[in-house]
Amino acid sequence: MDNIKSFINEPLLIFNAIKKAAYKNKTVDNKTKIAISESSSLLAEVDKVELRVIFLDIISGKNAGQGLKLLGDNELMDYILGQKWYEKMNSTKIENFNILLDRIDETNSEKLVRFSLFLSCLNKNSAQEVIKYLEFEKKEEELLINAIKEVDLLYYIGNPMELKKKIKNLGIETYTFYNKIAVEQNKIFERADLKTEAREYMLEEIQKRGEALFLDDLTIDETDLIYNNLAINREEAIEILDMLLDLVHIKPYLNTKEHLLKEAKSLSKNPFKKAFRKIAWQK
């Protein structure tokens with residue numbers, strides 16, 4: 001059995017067989033299946049980073065759903081994701097996982113988007129364990145772990161001010177990534193989510209009108225504040241600019257040099273106004 005010898009000598013070749021079969025949208029032949037079964041335990045010694053790269057390749061490649069099914073059918077998932085990846089999956093999560101297997105190929109093929117869709121079908125604690133198990137670099141690990149919570153929170157954004165605040169806190173790249181996940185979840189699970197469409201429309205309008213999202217979008221900077229004796233150093237200036245950005249999120253028309261210097265002067269003299277700057281009073 002040449003496959004057994006090959007897999008024993010180089011266990012990662014197992015995944016070449018999986019990817020080849022998935023690419024053709026077929027199953028592995030019986031001899032290969034036996035060879036995988038008899039040599040797969042050697043994958044326990046393989047570097048997790050290598051397994052992560054392979055898994056992301058499969059999940060973002062052609063016929064990814066078939067690739068995931070082949071990993072499951074050949075009992076390889078535990079070696080890649082750890083033995084607790086499927087723990088506490090309730091009936092809804094299991095149903096979503098089966099839908100994912102059938103429809104993942106219809107979604108955005110970016111690796112981390114697809115991986116996040118996969119994670120969304122797991123118990124949230126298990127999803128975090130999988131991320132940590134695969135030893136992502138710190139920045140990607142934080143991005144993926146935060147996505148577990150943040151993608152759901154996007155649903156509660158109801159107006160442009162809240163959207164601006166969210167983008168300010170996340171950064172536009174991170175927000176865009178999380179929104180992609182939300183869009184693909186709606187697609188794959190056939191959800192009619194008007195909130196997602198509303199967010200996309202609001203952001204388009206915000207950008208069309210040139211409204212400020214970040215400190216760099218303000219018409220003044222720390223130099224202006226220090227020069228006008230409204231801040232004694234850069235740290236204090238940035239704190240004041242942050243307050244002004246909160247105000248401009250509510251009232252975009254205030255983003256002029258004259259208005260912002262006037263508001264900065266008012267803030268520096270009024271602690272009460274500082275404390276309540278983020279509140280949009282309702283009539």
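Predicted model: local features only at pLDDT ≥ 70, side-chain atom pairs only at ≥ 80, totals over all residues.
F115 is buried, and F136 is buried as well. F115 belongs to helix α8, whereas F136 sits in the loop between α9 (124-133) and α10 (138-153), so their pairing ties together parts that are 21 residues apart in sequence.

A pair of aromatic rings is described by the distance of the centres and the angle of the planes. With the cut-off for pairing set at centres within 6.5 Å, the count comes to 10 aromatic pairs. One of them joins F115 and F118: the ring centres are 6.5 Å apart and the planes meet at 10 degrees, so this pair is stacked. Planes under 30 degrees apart count as stacked. Both residues lie in helix α8 (residues 111-119), and because they are 3 residues apart there, about one helical turn separates F115 from F118. F115 has a relative accessibility of 0% and therefore counts as buried; F118, also at 0%, counts as buried too.

Beyond these pairs, a wider grouping can be described. F115, F118 and F136 belong to one aromatic cluster that also contains F55, W85, Y86 and F97.

Aromatic rings also take part in contacts with lysine residues. K62 lies over the face of Y23, 4.5 Å from the ring centre. K195 is placed over the face of Y155, with 4.7 Å to the ring centre.

Definitions and conventions: Residues numbered from 1 in each chain as written. Heavy atoms only, no water. Phe/Tyr/Trp six-rings, centres within 6.5 Å; stacked < 30°, edge-to-face > 60°. Helix = DSSP H or I, 4+ residues; strand = E, 2+ residues; numbered from the N terminus. Buried < 20%, exposed > 50% of the residue type's maximum accessible area, 1.4 Å probe, protein only. Lys NZ or Arg CZ within 6 Å of the ring centre and 35° of its normal.
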